[in-house]
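Subject: Handover of a structure

Dear colleague,

Please find the structure below, together with its sequence.

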Amino acid sequence: MQVSMTVNGKSVSADVEPRTLLVHFIREQLRLTGTHVGCETGYCGACTIHLDGDAIKSCTIFAVQAEGAEIKTIEGLAENGQLHPVQEGFWERHGLQCGFCTPGMIMSASALLADNDNPTEDEIRHGIEGNLCRCTGYHNIVRAVEYAGAKMRGEEPAPPDWERSD
Amino acid sequence: MATTSVMGGSVRRREDPALIQGTGIYVDDLSPVGLLHVAFLRSPVARAKITRLDTSRAEATEGVVAVYTHDDVAALGPLLAQVPIGKLRPLLAAGEVNHVGEAIAMVVAENRYVAADAAEAIEVDFDELPAVIDLKQAASDEIKIHDELDSNILHTWTYHGYWDALGLEDQSPEVEAAMEREDAVVVSMEMINQRLIPVAIEPRSVMADYQSGYDRFTVHSSTQVPHALGGAISKTFGMIASDVRVIAPEVGGGFGSKLNVYNDEILVAFASKQLGRPVKWTETRREASGSTIHGRGWLGTATMVGTKDGQFLGYKLHALADMGAYTQNFTVAIPLLGLWIASGQYKMPVSWTVDCVTTNTMTTDAYRGAGRPEAIYYLERIIDAFAREIGMDPFDVRKKNFWQPEEFPALMGCGFSLDTGDYAANVDKLMEKADYPALMEMRDQARKEGRLVGIGVGSYVEVCGFGPAVLAEIGFSWTNYGLPASFNGSGLVRVNPDATVTVVIGTGPTGQGHETTWAQIVGDGLGISVDRIRVLHGDTREHPMGIGTFGSRSVAVDGAATYEATLKVREKAAKLAAHLLEAAEDDIVFADGGAHVAGSPDQRVEWAAIAKAAYQAHTSPDDVDSGLEAHTAFSPGNATWPFGSHIAVVEVDPDTGNVELLRYIGVDDCGNEINPMIVNGQIHGGIAQGAGQALLEDAIYDSAGNMLTGSLLDYTIPTATDLPSFELDRTVTPTDVNPMGVKGVGEAGTIGTAHTIVNAVVDALAPLGVKHVDMPLRPRRVWAAIQEARG
């Protein structure tokens, strides 16, 4: 089947098997391998992308269902060589360890902040609840999102909490 | 070594720019021209004879290149194991299956969809046999699982016997005698330390490319131990080691699950060799749940004997540990790691027996903590129950029995000595940080209001930094993969002609930030900016020897090796600088990208000039060889023994049994820290996995051996809403086992957490008379305990 969509600002069209998952289309045909597959069943969130501005799990839909959609993947998040504030926050606040869940986590967090750039800790935790991380215990992910929110509001982020007084 | 802001500084990670932009490379991201894909047919039954296996329909499927079964690979033998006690895993099922998920056949096809379809088209008939899942049933030998073994009990670890050479006495009689004392308070409980699934978010993936013209392999694998895998492949196929190049690129979490060499890795290499094309397999989440190793799985009775005023007189544990159906890498040796810390931080005699039992389930092996969370769980839970029984504060009981600072190195009954520690100071710092009296007051106030609030405390000591040569004698080595025996650290430091530095290490990160930490170690020693240092790892071609990343050993063993190699390079560079500056070698100081004469900062030469001199013989002194590099193998005399104490604050909803973790406070001691930011991150993740075991996670097989928790919907690891932000601090008691004074921190959080949370929940339920609830403390189980207590 023929499918066309816009991915990271570029029009793409391709011939796909109808059963091809959107995540496999992105990874294997478009060669955008930053979107990861962790469970293929919609629980882990490693495959999270933006579809028409919403964070969705790209293993839960077929490529053909994204016909005509505007897709953004992790590779398209930085603009003009400038990291997105969430990407910067993950780096500055040690929001990642192995990095496998990170692209999906960043896509969820950036969608959350696009709706609300001043979320409470509770709102952040609920906002990324659909993305599993096994390395960080989420602590520094929450700090990273708080950092990004502050940046987006034009405020100075709180200092990192590993800077202890002793 | 010169103190600069680099060592001990929270330097941002060099690893991150690629990973936050989606440009990091994991195995499944690779797809070379001509790549073939693998799918396995796996057993849907737990124990059966295979009476018919027909692959013809799969072979006839369009796009299928080959289908392999046991007969095709029988000559390659079973999967190699390091501690080969028990039944070794056949590469593909050999006429029988022994657990759900066991690989029966391998399909190789042009794409993953076709491979999966074809695997389903294979026809198998089974003659089912009764599965043995329950540990007590298995230990009774009522049904023996493997005909060729005498018993389902594969091995028994006891506190004594193994260390006879050290002349240690069996302390069991002392413990038994203590129980008979008139003034003895004896508290005993049977507890489950349930089976867990490691759940690295990156599924395991392996890609092999056999180049027939050169008779050599390039294998990419999502592994913690590339050198071990390279050794296993070269041994299996009768090749020399340098013809097998194994690369572990970015690895998306391991936690021990990628510390095994797996049958699928050998099989994918086999297929590539047969077909002359690159072949890749990436496990599905269901395969990750049922065919990658599990951890824990103990059922044990812990007994504490002490006096009414809180003096411990002895501790006894008898447990059954589930090994699963087949022995893999370290399987049967895992409980031994628990034995080494059986007495925890306490000076007391111990009687300790763990029976390693085979069942019709997936193999167990090292999962974060590996034997140590189990040992500490039983000990710290029974201490909590003992303190409750005599009505003493749980911290006071612990402090009364700790080894005292002046008693280190403290020789334990197991034969190992605790290196350094100040356990009471660690507890004091935690109590102060948490404002412990205020917490107790808050709890008591909440109780008056009828709320079920609990404060749990827990301590731990662990054993890590696996490198002492003595470990090799008991099977902790890679000798069965053809590598040298001992788990030495390896560090190579090379100053390049352009004055940048290449560091090659014997461990590779699965998220621990080695590229950053090692750059700090070397940069600090040479006075070179971390931006000019590249740390290479995970590629057997870069270095002939590497032990891998596990047992919180990386910094304490390979880091120490790198530190020593750095000193050697600096020594040689000082000769060169002295020559260039016409000064005495002893007066050379390295700082800020160059060397100068002590006391005369103007008499200075840049690293660029030193490096240049090193690589052109005519400008270097006659007695200095050309080049500027050193390799060091570090063999520590002891393991390291990090420790810590934690407090959990919970509230239980009496109507639903839901446990809310309100606060989690930890003071850990891992010796000196190189990068506190990374240390914090390791502890955070460790706590989350301990909390996962305490509250949520349970790998369940039903009585017929069906895996009931094969997806992440059924096997629930913590999400962001299940955990609070953690409140951390540290005490710092450097070790004297290695020159940097570092102990390791990869597993500490996990080892310290599960019992702390269970202690908190039991504290919350104590007013109702509840003494124990088995993990995981999911609402239904807690609710049932409340109902039962209320009658």
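This is a predicted model: local features need pLDDT of at least 70, side-chain atom pairs count only at pLDDT 80 or more; totals for chains, interfaces and linings use all residues.

Domains of chain B

Three domains make up the division of chain B: domain 1 (16-22 + 489-634), domain 2 (31-129 + 202-252 + 258-290) and domain 3 (295-466 + 638-790). Between domain 1 of chain B and domain 2 of chain B, the C-alpha centres are 40 Å apart. Their contact involves 11 residues from domain 1 of chain B and 14 residues from domain 2 of chain B. On the domain 1 side, this contact consists of 2 nonpolar, 7 polar and 2 charged residues.

The open sheet

An open sheet of 7 strands with mixed pairing is found in chain B, in the order β3-β5-β1-β12-β9-β10-β11. Its edges are β3 (64-68) and β11 (244-247) of chain B; each has a single partner strand, so one side of each lacks a neighbour in the sheet. On average, neighbouring strands are turned by 20 degrees against each other, direction ignored. B:Ala66 has B:Val108, in β5(B), as its bridge partner.

Two helices lie across strands of this sheet. Helix α7 (residues 226-237) of chain B lies across β10 (216-221) and β11 of chain B, and runs at about 150 degrees to β11(B). Helix α8 (residues 263-275) of chain B lies across β1, β3, β5, β9, β10 and β12 of chain B, and runs at about 30 degrees to β9(B).

A helix pair

Helix α12 (residues 394-401) and helix α13 (residues 423-434) of chain B pack with their axes 10 Å apart, at an angle of about 160 degrees. Since angles over 145 degrees count as roughly antiparallel, α12(B) and α13(B) are therefore roughly antiparallel to each other. The crossing of α12(B) past α13(B) is left-handed. From α12(B), B:Phe395, B:Arg398 and B:Lys399 meet B:Ala424, B:Val427 and B:Met431 of α13(B). By class, this contact has 4 nonpolar, no polar and 2 charged residues.

Contact with chain A

Chain B places 47 residues in contact with 48 residues of chain A. On the chain B side, α1 (16-20), α18 (676-695) and β28 (726-730) are the elements giving two or more residues. The most come from α18(B), with 8 residues. This side of chain B comprises 19 nonpolar, 20 polar and 8 charged residues.

With kind regards

Notes. Residues are numbered from 1 along each chain as its sequence is written. Chains are lettered from A and ligands numbered from 1 in the order in which they are written. Domain bounds come from an automatic or database domain assignment. Two residues are in contact if their C-beta atoms, placed from the backbone, lie within 7 Å. Ala, Val, Leu, Ile, Met, Phe, Trp, Tyr, Cys and Pro count as nonpolar, Asp, Glu, Lys and Arg as charged, and the others, Gly among them, as polar. Helices (H or I, at least four residues) and strands (E, at least two) are DSSP runs, numbered from the N terminus. Axes are lines fitted to C-alpha atoms, for helices over the stretch in contact, and angles run from 0 to 180 degrees between N-to-C directions. Angles under 35 degrees count as roughly parallel, over 145 as roughly antiparallel, 65 to 115 as roughly perpendicular and the rest as oblique. A crossing is left-handed if the near helix is turned anticlockwise from the far one by less than a right angle, and right-handed if clockwise. Two strands pair if DSSP finds at least two bridges between them.
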